[in-house]
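Reader: I am new to this structure and would like to go through it slowly. Could you take my questions in turn and show how each answer is reached?

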Amino acid sequence: MRTIPRMIVINGRLTIDPARRADFVAACVAMQQASRAEEPCLHYVFTADLEHDDVFHIAEKWSSDEGLKTHFGLAHMAAFQKAIAGVVKGIDVTRYEIASEGPVR
């Protein structure tokens with residue numbers, strides 16, 4: 001039997017102050033670029049909701065729990081949190097552990 005390494009998937013919804021949308025987008029771009037450069041990061045993206053100007057979604061995939069824990073302690077995470085302070089009005093983020101993945105058919 002083949003052992004499949006577990007992956008960590010993060011999926012979330014953030015509600016922001018629409019008057020500070022440009023600030024939020026700039027912080028997200030910097031965060032995406034820095035996070036994608038991390039070795040255990042397999043996918044990291046913020047997306048704008050097509051129906052609500054004040055809603056963004058985040059999707060992440062990590063190859064290890066240790067890598068995700070390290071991510072939370074890095075300088076670009078601290079800079080991101082500082083940049084979005086007062087901009088984010090609500091957040092709902094869920095973590096998943098998956099044992100396999102494949103195409104949707």
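**Helices, salt bridges and a pocket**

Author: To begin with helix α3, residues 75-84, its buried residues are Met-77, Phe-80 and Ile-84. They cover an arc of only 60° around the axis, which places them on the same side of α3. The model discussed here is a predicted one.

Reader: Which exposed residues does the face of α3 turned away from its buried side carry?

Author: In an α-helix there are 3.6 residues a turn, so residues three or four places apart point the same way. The buried side of α3 is that of Met-77, Phe-80 and Ile-84. On the face turned away from that side, the exposed residues are Ala-75 and Lys-82.

Reader: Which residues of α2 are buried, and which are exposed on its other side?

Author: The buried residues of α2 are Gly-67, Leu-68 and His-71. Seen down the axis of α2, they fall within an arc of 100°, so they line one face of the helix. These buried residues pack against β1, α1, β2, β3, α3 and β4, whereas the exposed residues on the other side of α2 are Glu-66 and Lys-69.

Reader: Does His-71 count as buried or exposed, and which residues is it in contact with, leaving aside its neighbours within four places in sequence?

Author: His-71 is found in helix α2. Because its relative accessibility is 0%, and buried means under 20%, His-71 counts as buried. Leaving aside its neighbours within four places in sequence, the residues in contact with His-71 are Met-31, Ser-35, Glu-38, Tyr-44, Glu-60, Trp-62, His-76 and Met-77.

Reader: How far apart are the closest N and O atoms in the salt bridge that Asp-65 forms with Arg-95, and where do the two residues lie?

Author: A search of the whole structure finds five salt bridges, and one of them joins Asp-65 to Arg-95, with the closest N and O atoms 2.8 Å apart. This pair links distant parts of the chain, 30 residues apart, with Asp-65 in helix α2 and Arg-95 in strand β4.

Reader: Which residues are linked with Asp-65 in a network of salt bridges?

Author: Asp-65 also meets Lys-69 in a salt bridge, at 3.2 Å from N to O, and these two residues both lie in helix α2, four residues apart, about one turn of the helix. Lys-69 counts as exposed at 56% relative accessibility, while Arg-95 is partly exposed, with a relative accessible area of 39%. The side chains of Arg-95 and Glu-97 meet in a further salt bridge, at 3.3 Å from N to O. The residues linked with Asp-65 in the network are therefore Lys-69, Arg-95 and Glu-97.

Reader: What supplies the largest share of the lining of the largest pocket?

Author: About 260 Å³ of space lies in the largest pocket, and 15 residues line it, of which Glu-60, Phe-72, Met-77, Phe-80 and Ile-91 lie nearest its centre. At least two residues of the lining come from each of β1 (7-16), β2, β3 (55-62), α2, α3 and β4. The largest share, four residues, is supplied by α3.

Reader: What percentage of the residues of the protein count as buried?

Author: Among contacts between residues at least 6 apart in sequence, 72% join residues at least 24 apart. Burial is counted over the 105 residues of the protein, and the share that count as buried is 31%.

Key
Residues are numbered from 1 along each chain as its sequence is written. This is a predicted model: local features need pLDDT of at least 70, side-chain atom pairs count only at pLDDT 80 or more; totals for chains, interfaces and linings use all residues. Side-chain values use heavy atoms; hydrogens and water are left out. Buried means under 20% relative accessible area, exposed over 50%, partly exposed in between (1.4 Å probe, protein chains only). The arc is that of the directions from the helix axis to the C-beta atoms. Contact means heavy atoms within 4.5 Å. A salt bridge is a side-chain nitrogen of Lys or Arg within 4 Å of a carboxyl oxygen of Asp or Glu. On a 1 Å grid over the protein atoms alone, a cavity is a set of points where a 1.4 Å probe fits but cannot get out, and a pocket is an open set with protein on both sides within 12 Å along at least five of seven lines; lining residues have an atom within 4 Å of a point. Grid points are joined across faces, edges and corners, and a volume is the space filled by probe spheres set on the points.
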